[in-house]
Amino acid sequence: MKQQKFIQIQNEIPMTHFFVYKDKQYPFQIDFFKYSSKFFLNNQQSLEQNKIIPLVDKEYEESLNFSEESIFSFIKYVQREQIPLNDDNVFALNYLGTRYQINSLIESTKEYIEQNKTGLILQILTNFQFDQKFNKQQYEDILSTNLINYISDDRLLSLEYPIIYRAIEKTPNKSNSKIIDFCFKCLDKFGRKASSLFALIDICD
């Protein structure tokens, strides 16, 4: 019987480009992205020439808060490595999947968010409240319907005032004492404009 052995190239494929996010660089191999990302495919020539590529649009960089771990997970996913999907990284991965037009990543993250959206509402709205391209309507509706369940969460006050106003306007529990107390907290944070919240509730009731 003839002997045989299995052999494999041990050298890793070198990284060719870098994403940059908040002044930190993240290396990646562009060939993987050309096959998985329609964005890279459609802009192949310019992206190959620019070795350093902004991860997100500069105008949104400060309002987005992606962890290093989630960015590395994004790169690993495209480079055919297995990654975890969880509450901490799903929004970053969904955003980056959408930005770079990676259909499989978009579908996986959308499915995760849909299955866990009730528990993730505040995180979703906090992360994407200033992104004009993100459709917040369905998440605002869930927030307003279940507002009493989130009223003691400090993240609620971190939302911009129009979102808070719409949530209270649509909630069926306007006269709940906790919501009234929250309106006073909004008055402290947002000042005079928050007085409009009191027109939505029946304090006497």
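Predicted model: local features only at pLDDT ≥ 70, side-chain atom pairs only at ≥ 80, totals over all residues.

Me: Where is Phe-130 found, and which residues does Phe-130 touch?

Reply: Helices (H or I, at least four residues) and strands (E, at least two) are DSSP runs, numbered from the N terminus. Phe-130 sits in the loop that joins α7 to α8 (137-145). A contact means heavy atoms within 4.5 Å. Leaving aside residues up to four places away in sequence, Phe-130 touches Tyr-60, Ser-63 and Glu-160. The C-alpha atoms of Phe-130 and Ser-63 are 7.0 Å apart, although 67 residues separate the two in sequence.

Me: How does one read a polar side chain such as that of Glu-61; what lies 3.0 Å from one of its polar atoms?

Reply: A polar contact is a pair of N or O atoms within 3.5 Å; within protein, one must be able to donate a hydrogen and the other to accept it, and residues adjacent in sequence count only if both atoms are side-chain atoms. Glu-61 belongs to helix α4 (residues 58-61) and counts as buried because its relative accessibility is 8%. A polar atom of its side chain is 3.0 Å from the backbone nitrogen of Lys-22. With residues up to four places away in sequence not counted, Glu-61 touches Val-20, Tyr-21, Lys-22 and Val-56.

Me: What is the phi of Lys-22, and where is Lys-22 found?

Reply: The phi of Lys-22 is near 50 degrees, a positive value in a residue other than glycine. Lys-22 lies in the loop between β1 and β2, and a relative accessible area of 32% makes Lys-22 partly exposed. Arg-80 is in the loop between α5 and α6 and is exposed, at 55% relative accessible area.

Me: Which polar atoms of the backbone does the side chain of Ser-37 approach?

Reply: A polar atom of the Ser-37 side chain is 3.3 Å from the backbone nitrogen of Phe-39 and one is 2.5 Å from the backbone oxygen of Tyr-100. Ser-37 is placed in the loop between α1 and α2 (38-42) and is buried because its relative accessibility is 2%. Not counting residues up to four places away in sequence, the contacts of Ser-37 are Tyr-100, Gln-101 and Ile-102.

Me: Which residues of helix α5 are buried, and what do they pack against?

Reply: Within α5 (residues 68-78), the buried residues are Ser-70, Ile-71, Ser-73, Phe-74, Ile-75 and Val-78. They pack against β1 (17-21), β2 (24-28), α1 (30-36), α6 (90-99) and α7 (103-128).

Me: How many residues does the largest nonpolar core have?

Reply: A nonpolar core is a set of buried Ala, Val, Leu, Ile, Met, Phe, Trp, Tyr and Cys residues joined through side-chain atoms within 4.5 Å. The largest has 61 residues, and those with the most contacts inside it include Phe-19, Phe-66, Phe-74 and Leu-143. Its largest share, nine residues, is supplied by α7. The residues touched by Phe-66 include Tyr-21, Leu-55, Ile-71 and Tyr-95.

Me: Finally, what is the volume of the largest pocket, and which residues lie nearest its centre?

Reply: On a 1 Å grid over the protein atoms alone, a pocket is an open set of points where a 1.4 Å probe fits, with protein on both sides within 12 Å along at least five of seven lines; lining residues have an atom within 4 Å of a point. Its volume, the space filled by probe spheres set on the points, is about 470 Å³ for the largest pocket. Of the 16 lining residues, Asn-94, Thr-98, Lys-133, Phe-134 and Asn-135 lie nearest the centre. The largest share of the lining, five residues, comes from α7.

Notes. Residues numbered from 1 in each chain as written. Heavy atoms only, no water. Buried < 20%, exposed > 50% of the residue type's maximum accessible area, 1.4 Å probe, protein only.
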